[in-house]
Amino acid sequence: MKRAGFVNRWLPMLLLAPQLVIIAIFFYWPAAHALHSSFFLQDPFGFGSTFVGWENYTDLAGNSEYRRIAWFTVLFTCLVTFFSLALALLLAVKADKVIRGARTYRTLIMWVYAVAPPVAGFIGVIMFNQSWGPLTRVFEYFGHDMTLGVNYNDTAFAMVLVSIWKQVPVNFIFFLSGLQSIPKSIREAALIDNRSASGRFWDVTFPLLAPTGFFLLIINITYALFDTFGVIDTLVKGEPGNNPMTLVYKVYVDGFRGNDLGGSSAQSVILMVLVLILTVVQFRLVERRIHYT
Amino acid sequence: MQILKAVAAFGFALAASQTTAQTEITFWHAMGGELGESTNQIAENFNASQNDYRVVPVFKGTYEEALTAGIAAFRAGEQPNILQVFDAGAATVIGAKGATVPVQDLLESNGVDFNIEDYISGVRYFFADSDGKMIGMPFNSSSPIMYYNADALEAAGVTPPETWEEFQSVTAPALKEAGYTALAQSHLPWIFTENFMSRHNLPFATNNNGYDGLDTQILVNNDALKAHFTALTDWQEKGYFEWFGTGWGDNQTPFEEGKVAIWLGSSGSFGGLAAKDLGFEFSATNLPYWETVTTEPTQTFIGGAALFAMSGKSDEENAATAAFFDFLTKPETQYLWHRETGYVPITTAAYELAKADGYYEEAPAAEVGIQQLSLPAGENTAGYRMGFYVQIRDVMNREYGRILTGETSVEDAFANIEKEANDLLSRFARTQG
């Protein structure tokens with residue numbers, strides 16, 4: 001078999017160049033900078049700096065507050081990823097069955113996608129307003145005094161809820177298109193073999209959705225780790241206080257609020273390594289068990 | 001060729017017009033909303049007052065954002081002529097020697113009379129170096145004061161408390177009886193830590209409150225402050241005190257809604273409160289103090305922010321900056337700013353002007369901040385100078401929040417603050433090496 005290829009070896013390089021340049025400028029260069037500054041304690045204005053070796057990292061390891069934030073991030077990511085995937089899947093399966101007014105249902109579920117994270121956060125601030133927030137009222141009815149920005153757990157709950165709400169539509173769109181790409185013949189065959197709807201779902205539909213699900217899993221973990229920044233910043237109203245926060249928000253708090261460049265660089269390097277490990281693990285372990293059609 | 005000539009002519013024209021034009025300077029600030037409008041007004045007044053200089057104010061977000069933007073711009077060589085830096089950022093900007101031109105030097109080298117004694121006592125040294133040289137021009141200066149709902153206090157049959165002892169034994173129980181939450185406050189580190197130390201003339205940090213060196217240790221883990229926070233939790237349990245979160249507005253709103261009778265806020269909050277239709281009479285007075293800690297309470301110091309002249313600018317531009325600073329300290333400018341915003345006038349002359357104009361007869365509460373700043377001074381009332389202080393405040397806010405939500409004890413919280421703050425201070429000291 002003859003391999004298709006470029007005759008000129010410079011042409012493919014040239015075609016790749018724009019992408020490579022963008023990656024180099026916006027990823028490798030800042031990453032190298034972050035790595036470099038993580039070994040220094042630096043005056044914010046850039047006048048003085050002291051080489052401290054691994055100290056910024058060991059300081060973080062010994063900081064109980066940083067560990068607490070790391071645990072919250074893990075919990076937050078798990079909750080947001082699980083619930084936004086599960087809810088979206090449920091909604092997609094149900095919406096797939098709707099015949100009359102299907103478009104309206106879908107549009108209604110999808111439109112939240114257009115809401116920007118800070119706006120979603122702001123809606124959360126309003127819904128959980130301490131004195132007149134509608135959701136605060138609901139909790140009051142059940143005998144719970146919901147205090148956003150005061151109680152750690154209440155604030156954490158609001159963060160998780162708003163982040164899930166914001167992410168469900170994206171997952172919904174992908175799941176729905178995944179469902180619709182399952183061939184009708186397979187569904188009909190399954191219908192003959194198994195009368196139980198849930199049985200059919202778990203044995204046939206779910207495995208066929210797995211590629212979509214895997215893709216969404218990565219997207220959602222990344223979303224929960226990084227893209228929820230806007231939601232968190234708005235919900236804590238710019239004051240970290242005793243509120244929960246994620247590792248990314250902590251990088252911002254220390255670096256951009258506190259001007260501790262060395263410490264926040266070390267934190268961002270840690271995040272970078274975590275994401276790297278996560279990606280490798282995901283692709284190595286999970287992808288092996290998934291069959292793309 | 002014709003085109004080339006035209007372009008060249010145009011270029012010359014442009015160059016010529018620039019040499020004769022005004023010197024333009026930029027001013028980055030963090031004054032949003034009504035404060036921003038007043039800031040723009042002052043800049044416009046300055047521009048209209050003379051023909052040589054033009055100041056262009058630019059709003060850069062919150063105090064933290066403005067400082068970060070200024071630092072990033074400085075590192076890129078694109079710094080503004082004037083940067084507004086808030087109290088907690090003072091150590092950062094003053095520590096970076098060479099980032100700014102001390103305001104005192106700037107004014108003197110441009111032939112503007114400068115005498116630090118012209119400034120009100122509580123304002124003078126907060127943004128000064130350890131020798132007392134003024135580095136930043138105090139622009140929007142405020143101090144924490146006690147606002148009260150006069151109708152509520154009347155209904156409860158009490159007068160505003162002078163001491164915390166009076167508050168807990170007389171005022172608070174009566175207000176609770178009358179159906180009010182007695183007390184709320186909007187900034188625990190500023191009001192109940194920094195100015196708590198100043199009001200009681202207690203040392204806040206070693207090295208002359210941090211002014212004299214970098215190897216500073218914070219002194220928050222002391223009995224007076226711990227007793228105060230223990231009292232707060234006690235009052236919270238009894239329903240005398242409520243904490244609505246770290247955000248400023250969350251604690252001010254219940255006062256405006258008439259649920260909380262006494263609110264500790266900024267003297268700069270006066271303008272905003274007066275502009276609102278609150279549905280009750282409000283007034284203000286000095287922050288209470290603990291008689292068990294001191295019988296001779298001292299002044300508080302300023303919060304708010306100062307204007308710094310960034311270095312690396314031409315002489316003409318620095319002259320423009322000096323002229324603008326000179327304009328800012330004029331009694332008329334200060335009086336306008338004071339009246340519009342509620343920030344205190346920073347010079348004695350401006351204060352005298354406001355008095356002579358009869359302003360305090362129509363708005364007595366507007367005078368409280370300045371009166372409190374003019375109370376007797378002590379060795380610990382000038383202010384503080386600590387690096388990474390924004391983060392130290394964040395640590396305080398976090399631990400205080402935990403105390404008030406029952407997550408930690410007063411003892412543990414203060415031990416934590418002391419440790420983390422000292423770690424941050426020693427880290428900061430090494431950034432300067």
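Before anything else, a cut-off I need: a residue counts as buried under 20% relative accessible area, as exposed over 50%, and as partly exposed in between. I also note that this is a predicted model.

**Entry: A:Phe83.** I looked up A:Phe83 with that cut-off in hand. Its relative accessible area is 37%, so A:Phe83 is partly exposed. I then checked where it sits, and found it in helix H3 of chain A, which covers residues 64-97.

**Entry: helix H9.** Next I turned to helix H9 of chain A, residues 197-227. A straight helix of 31 residues would span 45 Å at 1.5 Å a residue, yet I get only 36 Å between the end C-alpha atoms of H9. I went looking for a bend and found one of about 50 degrees at A:Ala210. A proline, A:Pro211, follows within four residues.

**Entry: the whole chain.** I counted 12 helices and two strands in chain A. The C-alpha atoms fill a box of roughly 75 × 70 × 30 Å along the principal axes.

**Entry: surface and burial.** Of the 293 residues in chain A, 42% are buried. The accessible surface of the chain is about 17000 Å², and carbon and sulfur atoms hold 70% of that.

Methods
Residues numbered from 1 in each chain as written. Chains lettered and ligands numbered in written order. Predicted model: local features only at pLDDT ≥ 70, side-chain atom pairs only at ≥ 80, totals over all residues. Heavy atoms only, no water. Buried < 20%, exposed > 50% of the residue type's maximum accessible area, 1.4 Å probe, protein only. Expected span 1.5 Å × (residues − 1). Bend = angle between axes of the 7 residues up to and from the residue. Areas by Shrake-Rupley, 256 points an atom, 1.4 Å probe, with all protein chains shown as cover.
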